[in-house]
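Me: Please walk me through this model, starting with how its pieces are named.

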Amino acid sequence: MPTLDPTDLKILLELIRDPRVQIGELAEMLGIARNTAQTRVRRLLRAGVLHDGGREIDLEAVGYDVVAFVTIEVTHRELDGVVGALRLLPQVLEVHEISGRGDVWCRVVATDTHNLQSALRQILRIKGVIRTETVLALHTHIPYRTEPLISRLAQAVPGTPTRPT
């Protein structure tokens with residue numbers, strides 16, 4: 001894992017906030033030279049911290065290499081409050097209301113198992129949470145993707161250029 005300094009982290013944060021930001025704008029927002037911004041973005045790309053055109057951040061590369069899927073059973077009248085409280089936890093990446101066992105599913109990241117345990121305890125302290133069930137991800141074989149779906153749609157549209165799959 002590369003060592004990230006405060007400027008690197010600010011660059012990542014700005015790219016999350018506005019994935020279409022131009023290098024010149026990025027440099028201006030951070031008060032650094034355009035060449036410095038360009039060099040740092042390239043370094044983050046080479047190190048694997050950024051990928052998919054420089055707009056997708058590899059959380060494992062910045063130290064969050066534990067991924068867990070947490071199913072939460074909640075008191076139904078407290079559902080909105082639980083979702084609101086989950087939104088405030090930075091380690092919670094996404095939250096879905098689900099059918100079947102449990103009521104809410106979320107993806108949580110952590111730096112290690114102790115950090116995960118701390119996050120799970122925070123979740124259990126949320127008013128309305130009855131119980132949780134946690135499953136650890138051991139390896140990601142297929143990361144989140146949308147390209148195959150859009151490719152399929154594009155192939156159905158006459159005159160749309162496509163790449164071979």
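Reply: Helices are DSSP runs of H or I with at least four residues, strands are runs of E with at least two, and both are numbered from the N terminus. The model is predicted, so to speak of a local feature requires pLDDT of at least 70 and a side-chain atom pair requires pLDDT 80 or more, whereas totals for chains, interfaces and linings use all residues. Residues are numbered from 1 along each chain as its sequence is written, and side-chain values use heavy atoms, leaving out hydrogens and water.

Me: How is a pocket found, and what volume does the largest pocket have?

Reply: Rolling a probe the size of a water molecule over the atoms shows where empty space is left. On a 1 Å grid over the protein atoms alone, a pocket is an open set of points where a 1.4 Å probe fits, with protein on both sides within 12 Å along at least five of seven lines; lining residues have an atom within 4 Å of a point. Points are joined across faces, edges and corners, and the volume is the space filled by probe spheres set on them. Here the largest pocket has a volume of about 1500 Å³. Its lining counts 36 residues, with E56, I57, D58, L59 and R107 lying nearest the centre. Two or more lining residues come from each of α1 (6-17), β2 (56-57), β3 (66-74), β4 (92-97) and β5 (104-110).

Me: Which element gives the most to the lining of the largest pocket, and how does the lining divide by class?

Reply: α1 gives the most, with six residues. For classes, Ala, Val, Leu, Ile, Met, Phe, Trp, Tyr, Cys and Pro count as nonpolar, Asp, Glu, Lys and Arg as charged, and the others, Gly among them, as polar. The lining of the largest pocket has 20 nonpolar, five polar and eleven charged residues.

Me: What lines the second largest pocket?

Reply: T71, I72, E73, R101, G102, R131, T132 and E133 line the second largest pocket. β3 and β6 (129-137) are the elements that give two or more residues to this lining. The volume is about 170 Å³, and the lining has one nonpolar, three polar and four charged residues.

Me: How do I read the sheet, and in what order do the four strands come?

Reply: Two strands pair if DSSP finds at least two bridges between them. In this model four strands form an open sheet in the order β4-β5-β3-β6, with antiparallel pairing. β4 and β6 are the edge strands, each pairing on one side only. From one strand to the next, the twist averages 20°.

Me: How many bridges join β4 to β5?

Reply: Five bridges join these antiparallel strands, and H96 stands opposite W105 in β5. β4 and β5 form a hairpin with six residues between them, where G100 in the turn has a positive phi of about 85°. β3 and β5 pair over seven bridges, also in the antiparallel sense; V66 has A110 in β5 as its bridge partner.

Me: How do helices sit against the sheet and each other?

Reply: Contact means heavy atoms within 4.5 Å. Angles run from 0 to 180 degrees between N-to-C directions, and axes are lines fitted to C-alpha atoms, for helices over the stretch in contact. Helix α4 (residues 79-87) lies across β3, β4, β5 and β6, running at about 165° to β4. Helix α5 (residues 113-124) packs on the sheet and touches β3, β5 and β6, its direction making about 155° with that of β6.

Me: What is the angle between α1 and α3?

Reply: Angles under 35 degrees count as roughly parallel, over 145 as roughly antiparallel, 65 to 115 as roughly perpendicular and the rest as oblique. α1 and helix α3 (residues 34-46) pack at about 85°, with axes 11 Å apart. α1 is therefore roughly perpendicular to α3. T7, D8, I11 and L12 in α1 meet R40, V41, R43 and L44 in α3.
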